[in-house]
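This briefing covers sheets, cores and aromatic pairs in one structure. The notes are grouped by topic.

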Amino acid sequence: MKYHPGRKNPSLASGESPHQIQIDRRDHLSYEQFAEEYLYANKPVIVTDAMHQWKALTRWSPEFFQKQFGAMTFALPDAKGKSEYKSGGTTEYAMSRFIDLVLNSTDENPAPYLRNVPLYDKFPSLRDDIEPLPEYLEPNWLPDHYFVKSVGDVLNRGAAIEIYIGGTGGAFPVLHYDGAAAHAFLMQIYGRKRFILYPPEQTEFLYPSPERPNLSLIKNLNEPDLEKFPLFEKAVATTFVLEPGELFFIPSGWWHTTKMLTPCISISANVVNQSNWQALIDYTAKRVHNPLKALAGRVYLTAAGARRSWRDRNWRRRVRAIDRTNLGSRT
């Protein structure tokens, strides 16, 4: 199989109008198929059986968290149900009270949203419940050691597996794509969640923030201010529902947000590797206003990526050898 780093599978041909994207649902998807058809093609996919061994699928529920972690306390933003990424204040909750709100959440009065919480830091006892992690998450360069400390600090922060718990009517607060041009893997454990998705080719219609270009300035996708954002009228969303036990691969640069149709528990992981390293270099360079520093960053990151690409070829060779051994033992 031949990989094509940086190759895109554009959803819009030259001069073509925006349209809804067909999202494949696959099972028994080998790593080689995933890499060739989706990872290096920068194409989204839903995998329906990637988490079938997880204890979390039979253990985790709002009631489980209420019983096991009822006394745990945490602060959540006050922007309940609003389309704001950050709010001016927070409110402290005990898990027991928070879950009551989740179970009674409605479209009209959604519960606050516990989101982007590092799972292993907050709930270390649950690590075994999500093993083994799907092999699609490898290789991942985010947790690696980098000689330039500032680079390592940024990338290492993005390596955490995060948990999300919310109720009916709750929503992610902003249309966005994941920072550092990372791929995102969203894994639905409990409940049903609607996704709203736009391909990178529609970026011009989505009004990226000048300060944070991976966040859209459009606050309300259902009732957008078309006088302020006239091009948004040309954008065409793809929507679908992610069901319990399904993994959704969101490639680098794909805009997305979500709304919960029921109480939901999800986890996410970000991945950077050879397939999106050039996109990360470009993303980083755009955020550095000093041309010399931007050039130096490109040189360093290009070299760092080349070293890891060589390492990954050996990694894939070992995996294929293991696959052949396992196949031989079954025949």
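Why is S11 largely enclosed by the rest of the structure? Five of the six residues of S11 are buried, so the strand is largely enclosed. The model is predicted.

**Strand S11 and its partner**

- Six bridges connect S11 with strand S8 (residues 193-198), and the two strands run antiparallel.
- Within this pairing, Leu197 has His256 of S11 as its bridge partner.
- Thr258 belongs to strand S11, which covers residues 255-260.
- With a relative accessibility of 10%, Thr258 counts as buried, because the cut-off for buried is under 20% relative accessible area.
- Setting aside residues up to four places away in sequence, Thr258 touches Gly170, Ala171, Phe172, Lys193, Arg194, Phe195 and Ile196.

**The seven-stranded sheet**

- Seven strands form an open sheet with mixed pairing, in the order S1-S2-S10-S7-S12-S6-S5.
- Strand S1 (24-26) and strand S5 (114-118) are the edge strands, each pairing on one side only.
- On average, neighbouring strands of this sheet are turned by 20° against each other, direction ignored.
- S5 is joined by three bridges to strand S6 (residues 162-166), and these two run antiparallel.
- Pro118 stands opposite Glu162, a residue of S6.
- Helix H1 (residues 31-39) lies across S1, strand S2 (45-47), strand S7 (183-190) and strand S10 (247-250), and runs at about 175° to S1.

**Asn270 in strand S12**

- Asn270 sits in strand S12, residues 264-271.
- The relative accessible area of Asn270 is 17%, so this residue is buried.
- Its side chain makes a polar contact of 2.7 Å with the side chain of Asp178.
- Apart from neighbours within four places in sequence, Asn270 is in contact with Asn140, Leu142, Gly158, Asp178, Ala182, His183 and Ala184.

**Nonpolar cores**

- The largest nonpolar core has 46 residues, of which Trp60, Phe65, Phe98 and Ile163 touch the most other members.
- H1 supplies the largest share of this core, five residues.
- A second, separate core holds 29 residues, including Tyr146, Tyr177, Ala235 and Tyr300.
- Beyond its neighbours within four places in sequence, Trp60 is in contact with Phe65, Leu119, Leu126, Asp129, Ile130, Ile163, Ile189, Tyr190, Ile265 and Ile267.

**Aromatic pairs**

- The count of aromatic pairs comes to 22.
- One of them joins Phe65 and Phe123 edge-to-face, at 5.4 Å centre to centre with 85° between the planes.
- Phe65 lies in helix H3 (residues 62-69) and Phe123 in the loop between helix H5 (119-122) and helix H6 (149-157), so this pair ties together parts that are 58 residues apart in sequence.
- Tyr31, Phe34, Tyr136, Phe185 and Phe249 are linked into a cluster by ring pairs.

Notes. Residues are numbered from 1 along each chain as its sequence is written. This is a predicted model: local features need pLDDT of at least 70, side-chain atom pairs count only at pLDDT 80 or more; totals for chains, interfaces and linings use all residues. Side-chain values use heavy atoms; hydrogens and water are left out. Two strands pair if DSSP finds at least two bridges between them. Helices (H or I, at least four residues) and strands (E, at least two) are DSSP runs, numbered from the N terminus. Axes are lines fitted to C-alpha atoms, for helices over the stretch in contact, and angles run from 0 to 180 degrees between N-to-C directions. Contact means heavy atoms within 4.5 Å. Buried means under 20% relative accessible area, exposed over 50%, partly exposed in between (1.4 Å probe, protein chains only). A nonpolar core is a set of buried Ala, Val, Leu, Ile, Met, Phe, Trp, Tyr and Cys residues joined through side-chain atoms within 4.5 Å. A polar contact is a pair of N or O atoms within 3.5 Å; within protein, one must be able to donate a hydrogen and the other to accept it, and residues adjacent in sequence count only if both atoms are side-chain atoms. Rings of Phe, Tyr and Trp (its six-membered ring) pair if their centres lie within 6.5 Å; planes under 30 degrees apart count as stacked, over 60 as edge-to-face and the rest as tilted.
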